[in-house]
Amino acid sequence: MFLRHFPPMGIYETLFRFADATQAYLGDAGTHPWAQGYPLTRQLPGGPSIPASVSFGPDDLRYPNASGQIELREALVRYYRTFYGANLTEENIAVFPGGRPGIMAILALLEEDIEITIEETEYTPYHDSLRLIGRAPEVVPSNPENRFRPTLEDHARALDSADRALLVKSNPCNPTGVTWSGDSLRALVELASRPGKGALIDEAYEFFHTPEPDSALRYIEDIDRTDIFVVGAATKGLQVPGARIGWVVASKEHCELFRNLSSIAMGGVSRLSQLLVTSLLEIDRVGEARRAVGAFFASQRERYGNALTELGFELFTGEGGFYHWGRIPGGMTAHELNDRLFRHDAAILPGRLCDMDRREQGPHETLMRFSFGPIPAEDFEGDVEILRTCLTGVGAR
Ligand SMILES: Cc1ncc(COP(=O)(O)O)c(C=O)c1O
């Protein structure tokens, strides 16, 4: 074999184990994809309709612009200016085929001497991406002892452990839902705006925060004078994971490098997908989407939270995202719970896959991420029944 071997992203471990046990794909009709990180792709109560077609002409079939089409970049500037008063131009935006390719581009292009700092409990592919590019991060404690809530001082200590350092952080955090907003987000931005410091702030779950969304871009005065990268995606809030559109907001100089990389390795991003996402960002529509997504998932977070607590889970979930993060009752491991759930065509994501140290036996072994992102509201009672059956005799009340 000529290529270096590497395994798929951690979440696939669960998908493969599920497929082996059930001969089905998690997410197919009749399954309960609580391990999965995609949102409902149907219209939400009070939300805008989701387009069923895209209109395009012969010119749209030409190669795309390497940085992203100007219409989409202008729509994003308008969006960030309207909702956060952000000080940006379209030269501060680079479009990618999803959030992960943007994240991977930043990490892969990072200068050798830059220390990467990351919370102990984070989004699975951060670990896989860092491993793929051979970088070992400085880990900031985020575990049951601090209830998965590292402080500003914890981040300052990690960032100051090297001359130059980049914080990599999802906000809202996947899997914990813990979210920095308002003054705490402003302080984090200030920390990462100091000379030699920077941050990759991944806002994939921006819309999914109660009481309202926030963005680091509200607090960045002049992004051209920072090493801050704000990652966004149409994947979650705009409910179109299949469109494969994401973007990085960064200094003009950094965006030029993304353009160069795109011209060598990517060839731009599907113009048809960019047309779709540009239409989703029309200001009135996206305002409606922010409200509807926020309200629907806040109510799902609350009722699944109450049900899981009643079943004996110890939840650590914050106010963002579409996951519950907690400890399984009765000392049961996530693998044991999944073996039981598989019999009901259901699965959760084992906490270990969100451990940035990916320890076999560590504090994450009895933790799980329960996703209510792809779950229609009407599944609630049935879902709780499955969980109750699988927990009978192990601490369920
Ligand atoms: C924290 C986080 N960032 C980014 C993404 C973006 O993913 P995609 O590459 O599918 O746009 C996801 C999706 O699961 C996510 O959870």
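1. Two strands pair if DSSP finds at least two bridges between them. Keep that in mind for this predicted model: strand 9 and strand 11 (residues 367–371) are joined by five bridges and run antiparallel. One spot to look up is Trp 325, which sits opposite Arg 369 in strand 11.

2. Four strands make it up, it is open, and the order is 8-9-11-10 with antiparallel pairing. Which strands stand at the edges? They are strand 8 (314–315) and strand 10 (349–350); each has a single partner strand, so one side of each has no neighbour in the sheet.

3. Helix 9 is worth a look too. It packs on this sheet and touches strand 8, strand 9 and strand 11. The direction of helix 9 makes about 15° with that of strand 9.

4. Next, the domains. Domain 1 covers 11–45 + 295–391, while domain 2 covers 58–285. Their centres, taken over C-alpha atoms, are 26 Å apart. Domain 1 puts 25 residues into the contact and domain 2 puts in 29.

5. Last, find the ligand. There are 13 residues around it, and the ones that come nearest are Gly 98, Gly 99, Arg 100, Ala 204 and Thr 235. Sorted by class, the shell around the ligand holds four nonpolar, seven polar and two charged residues.

Terms used. Residues are numbered from 1 along each chain as its sequence is written. This is a predicted model: local features need pLDDT of at least 70, side-chain atom pairs count only at pLDDT 80 or more; totals for chains, interfaces and linings use all residues. Domain bounds come from an automatic or database domain assignment. Two residues are in contact if their C-beta atoms, placed from the backbone, lie within 7 Å. A residue is near a molecule or strand if its C-beta atom, placed from the backbone, lies within 6 Å of it. Ala, Val, Leu, Ile, Met, Phe, Trp, Tyr, Cys and Pro count as nonpolar, Asp, Glu, Lys and Arg as charged, and the others, Gly among them, as polar. Helices (H or I, at least four residues) and strands (E, at least two) are DSSP runs, numbered from the N terminus. Axes are lines fitted to C-alpha atoms, for helices over the stretch in contact, and angles run from 0 to 180 degrees between N-to-C directions.
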